[in-house]
Amino acid sequence: MSVLKSIKSFSLFILLSVSMLCEAAVTVSDQSPVVIGKELLLKSEILNKEIPLKISLPSNFTLSSEHHTYPVIFIVGKHGHQYFHTVNGIVKHLADVERMPETIVVSIDGGSPSPDIYHNNMFGNQPSNKWPSWGEPDMYHQFYQDELFPFLEKQYRANNKRSVVAISTSSFFPLNNLIHDKHLFDTYIFLAAADIIGMGHTPNKTMVDGLAARLSKSSKVNPLIFFMVADDDLKKQKKYQTNVDKLKSKLSQIEGLPFTLRIYDNEGHYDTLIKAMLDVLEIKYPKSLWSAKYRDIVAKPGNALKNLDKYFDQLSQHYGFAILPRATRWNSVNRLGFISTYLIRQNRAAEAIEVAQRYTKYQPKSWQAYESLAKAYEANNNREHAIENANVALKLAKNEYDKKRLNQYIKSITPTIK
């Protein structure tokens, strides 16, 4: 055997030996599931059955006070359960970076019943021109209104700002609701439904006709309507393109109707979901109104907390529910906790106390909030209140920290409580 071959053989032997040693050395010491929400069965007396729900709550829900209420995004039908994780991931990220309000996401299995529909050959040649109905939409409307919404309000502080995401055949119930009932939602988001809108409640009449007739009636407040479709769907059948053109023509003519139609190039039936949700949320929550720079706000003339309140009061008035400055955010200066520290550095300790007090009001179970308040009092030479709040912080920290981390925390806060 040549020297070169011997070296190669020896190198391969060493690599295999190291690989085997590495594999043997790597073990799993612990494992646990990553939880992004909860799944529950809601017993409905109206429907006389249990309805499976998936619910994801905002990141700071358990720490936040009753002053915080949350909009809800519903994803309905079998598509809701399929795409719950995707929609929830988008919403969680944008809410955590304050590009939209903290929001509850709910998927409802079976929550999109189908009324009697004439499919008008949108699904090709069928034995019957009727799409078989199921689920009694009127009963489901009552379930949403009288059971589901009150349950979410009571258990999770949901407010009355509700959006629905309806994909493909799961669009039947939301479309029916828009056409026939008092609107359950303030935002309707339809994806992959270019065929569905060509069907109708009566022969030779489409859902587009029904929508145009209903939405053209004068109303002080119209829902936001988004219709998002992949170009691949429109290429499949000319009649799908006709449906979309008709929708655009009829709904765009209705004065005061907030209607958005987007066609996505080079996309498939379900592929548009992420792009569509990002577009919808950007239109509904534009960056020009969000992504507040807290340091710029408190740098303006006047009191720091009053300046923050003024900004968020205007935002709340625009959207119709209370939007509060964030008490805490991961790795961001745009939060009350940082602003309190920032004001101390600016020799504005009295204002820092006000901001930290608001922090404890918004998150009364947070040791970090009381630590901020203790440090603000200390900076303002109020030792009695500094010690009082530092001890509250220690008490709350004991519920969160293990012994080692608690001792480390005690050392960090000792200068305040001595």
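1. **Ground rules.** This is a predicted model, in which local features need pLDDT of at least 70 and side-chain atom pairs count only at pLDDT 80 or more, while totals for chains, interfaces and linings use all residues. Residues are numbered from 1 along each chain as its sequence is written, and side-chain values use heavy atoms, with hydrogens and water left out.

2. **Overall make-up.** The protein has 16 helices and 10 strands; these are DSSP runs numbered from the N terminus, helices being H or I of at least four residues and strands E of at least two. Of the 418 residues, 49% are buried. Here buried means under 20% relative accessible area, exposed means over 50%, and partly exposed is in between, with a 1.4 Å probe and protein chains only. Taking contacts between residues at least 6 apart in sequence, 69% join residues at least 24 apart, where contact means heavy atoms within 4.5 Å.

3. **H13 against H14.** Helix H13 (residues 349-362) and H14 have axes that come within 8 Å and cross at roughly 165°. The two helices are therefore roughly antiparallel to each other. For the terms: axes are lines fitted to C-alpha atoms, for helices over the stretch in contact, and angles run from 0 to 180 degrees between N-to-C directions. Angles under 35 degrees count as roughly parallel, over 145 as roughly antiparallel, 65 to 115 as roughly perpendicular and the rest as oblique. The crossing of H13 and H14 is left-handed, that is, the near helix is turned anticlockwise from the far one by less than a right angle.

4. By class, the contact of H13 with H14 has 11 nonpolar, 4 polar and no charged residues. Ala, Val, Leu, Ile, Met, Phe, Trp, Tyr, Cys and Pro count as nonpolar, Asp, Glu, Lys and Arg as charged, and the others, Gly among them, as polar.

5. **H14 against H15.** Helix H14 (residues 367-379) also packs with helix H15 (residues 383-398), their axes coming within 8 Å and crossing at roughly 165°. That makes H14 roughly antiparallel to H15, and the crossing is left-handed. On the H14 side the contact involves Trp367, Tyr370, Glu371, Leu373, Ala374, Tyr377 and Glu378, which meet Arg383, His385, Ala386, Asn389, Ala390, Val392, Ala393, Leu396 and Ala397 of H15. The residues of this contact divide into 11 nonpolar, 2 polar and 3 charged.

6. **A salt bridge between Arg383 and Glu378.** The side chains of Arg383 and Glu378 meet in a salt bridge at 3.3 Å, N to O; the term covers a side-chain nitrogen of Lys or Arg within 4 Å of a carboxyl oxygen of Asp or Glu. Arg383 is partly exposed at 33% relative accessibility, and Glu378 is partly exposed at 27%.

7. **Other salt bridges.** The structure holds 15 salt bridges. One of them joins Asp186 to Lys284, with the closest N and O atoms 3.4 Å apart. Asp186 lies in the loop between helix H5 (172-180) and strand E8 (187-191) and Lys284 in helix H9 (residues 273-284), so the pair ties together parts that are 98 residues apart in sequence. Asp186 is partly exposed at 23%, whereas Lys284 is buried at 14%. Lys275 also forms a salt bridge with Glu267, at 2.5 Å between the closest N and O atoms; Lys275 is partly exposed at 40% and Glu267 is buried at 12%.

8. **Is H5 covered or open?** H5 is mostly covered, with 8 of its 9 residues buried. Among them are Phe172, Phe173 and Ile179.

9. Leu40 lies in strand E1 (residues 38-44) and is buried at 19%. Leaving aside neighbours within four places in sequence, Leu40 is in contact with Ile51, Pro52, Leu53, Ile55 and Tyr156. Ser107, in strand E4 (residues 104-108), is buried at 0%. With neighbours within four places again left aside, the contacts of Ser107 include Pro52, Leu53 and Phe84.
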